[in-house]
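Let me put the model up, and then we'll go through its cavities and its nonpolar cores.

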Amino acid sequence: MAQDNAAFCGVPEGVPGGGGGGVPGEPKPPPPAPPAPPKRRPWGAGGARGARKRQRYVEKDGRCNVQHGNVRETYRYLTDIFTTLVDLKWRFSLLIFILAYALTWLFFGLIWWVIAYSRGDLEHLGDHAWTPCVNNLNGFVSAFLFSIETETTIGYGHRVITDTCPEGIVLLLLQAILGSMVNAFMVGCMFVKISQPNKRAETLVFSSHAVVSLRDDRLCLMFRVGDLRDSHIVEASIRAKLIQSKQTQEGEFIPLDQTDLSVGFETGDDRLFLVSPLIISHEIDERSPFWDVSRGQLERDDFEIVVILEGMVEATGMTCQARSSYLADEVLWGHRFTPLLSLEEGFYEVDYGGFHHTVPVPTPACSARQLAAAAARRDAHLYWSIPSRLDEAAAAGGEGDPEIAPESNGTLAGPEER
């Protein structure tokens with residue numbers, strides 16, 4: 001079938017057309033000069049696309065290559081301080097974690113020292129008849145240590161507040177409450193940051209290339225996904241988007257326009273049971289943005305395909321997202337992924353050594369539209385070229401071959417039935 005489709009597509013692009021040779025005895029004309037490369041639309045405000053390599057929108061490891069600049073309303077980050085702290089890098093998060101405790105200890109230690117100084121406790125250190133606010137508090141260092149013992153509820157017992165100091169009792173209650181709030185906030189931030197499922201995405205792998213080949217006589221864009229862990233991703237789903245700049249009919253230029261690529265949303269094939277590596281297929285039909293893209297045009301186009309795999313981590317129940325992308329030169333036309341699954345004694349084995357391997361297969365170089373038109377022409381030709389045996393029998397008046405003599409009820413009957 002693939003050979004028939006390829007025949008209807010004509011000569012592949014890049015192959016000179018047939019045609020007889022020149023007149024004998026005359027020198028052959030020089031070959032025509034290669035066509036000039038097509039002009040590229042500039043990506044962004046400055047520079048031409050052809051001047052440098054295509055800039056990725058999403059890196060192969062899933063990192064989004066976008067930076068926010070000239071953000072004037074920075075106060076919005078403080079309105080969601082918890083998310084801001086979770087999103088910080090680890091070195092800044094640890095610094096804030098240490099400073100949050102150290103500053104509160106120093107702050108309340110200073111207040112304990114001020115209370116002791118204002119009451120005159122530091123002037124009656126050896127006076128046993130004097131009742132201080134805090135026993136055995138003889139300076140700022142001891143006030144700082146008492147602040148740590150109070151906030152962390154250590155309670156060594158050497159320094160203790162007395163009942164003759166109402167301002168100390170109020171400060172003790174205030175520090176206990178604020179200390180619990182600081183503990184809850186900072187420990188919550190660290191717990192969320194540690195339990196983030198970002199690292200789980202490191203064991204969700206995508207093939208290094210996407211391929212285009214025939215599947216059931218239809219051109220399909222395919223890529224492979226796999227999970228390296230034994231603990232599975234629950235409710236896994238896959239999405240794909242085409243990132244390509246375009247210009248509207250009104251002349252508006254839309255950079256990095258996003259178009260959905262169907263990977264089975266209508267049929268439910270986008271929901272995956274990711275126990276072994278799976279090949280995700282996008283059928284190139286009339287709704288696909290690649291409907292008119294041939295092999296030659298694919299090699300000239302500038303686009304990026306972003307694939308997104310989402311699901312819940314089985315161990316924690318948290319949502320995990322893994323991303324990757326394919327540039328135009330990472331889409332191999334006329335290739336197919338090699339199989340990885342083999343049946344062993346009592347189990348199936350996956351050979352991840354060939355996860356990224358592809359093999360070339362016969363594939364028409366024309367677009368999916370041209371392939372569908374060629375198939376329609378072929379079907380029409382076969383329909384009109386095959387004569388009807390019933391028409392031949394009617395034209396012969398029932399004479400000739402008795403095998404096709406019509407019955408009285410209009411059906412065909414064999415000789416044994418007559």
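**Cavities first, then cores**

So, the largest cavity comes out at about 60 Å³. By cavity I mean a set of points on a 1 Å grid over the protein atoms alone where a 1.4 Å probe fits but cannot get out, with lining residues having an atom within 4 Å of a point; the volume is the space filled by probe spheres set on the points, which are joined across faces, edges and corners.

Quick caveats: this is a predicted model, local features need pLDDT of at least 70, side-chain atom pairs count only at pLDDT 80 or more, and totals for chains, interfaces and linings use all residues. Numbering runs from 1 along each chain as its sequence is written, and side-chain values use heavy atoms, with hydrogens and water left out.

What lines the largest cavity? V212, L221, I284, F290, V293, L298, V331 and W333 do. By class that's eight nonpolar, no polar and no charged.

The second largest cavity is about 50 Å³, and its lining includes S93 and K193.

Now the cores: sets of buried Ala, Val, Leu, Ile, Met, Phe, Trp, Tyr and Cys joined through side-chain atoms within 4.5 Å, buried being under 20% relative accessible area with a 1.4 Å probe, protein chains only. The largest has 39 residues, and I238, F290 and I305 touch the most other members.

Key. Buried means under 20% relative accessible area, exposed over 50%, partly exposed in between (1.4 Å probe, protein chains only). On a 1 Å grid over the protein atoms alone, a cavity is a set of points where a 1.4 Å probe fits but cannot get out, and a pocket is an open set with protein on both sides within 12 Å along at least five of seven lines; lining residues have an atom within 4 Å of a point. Ala, Val, Leu, Ile, Met, Phe, Trp, Tyr, Cys and Pro count as nonpolar, Asp, Glu, Lys and Arg as charged, and the others, Gly among them, as polar.
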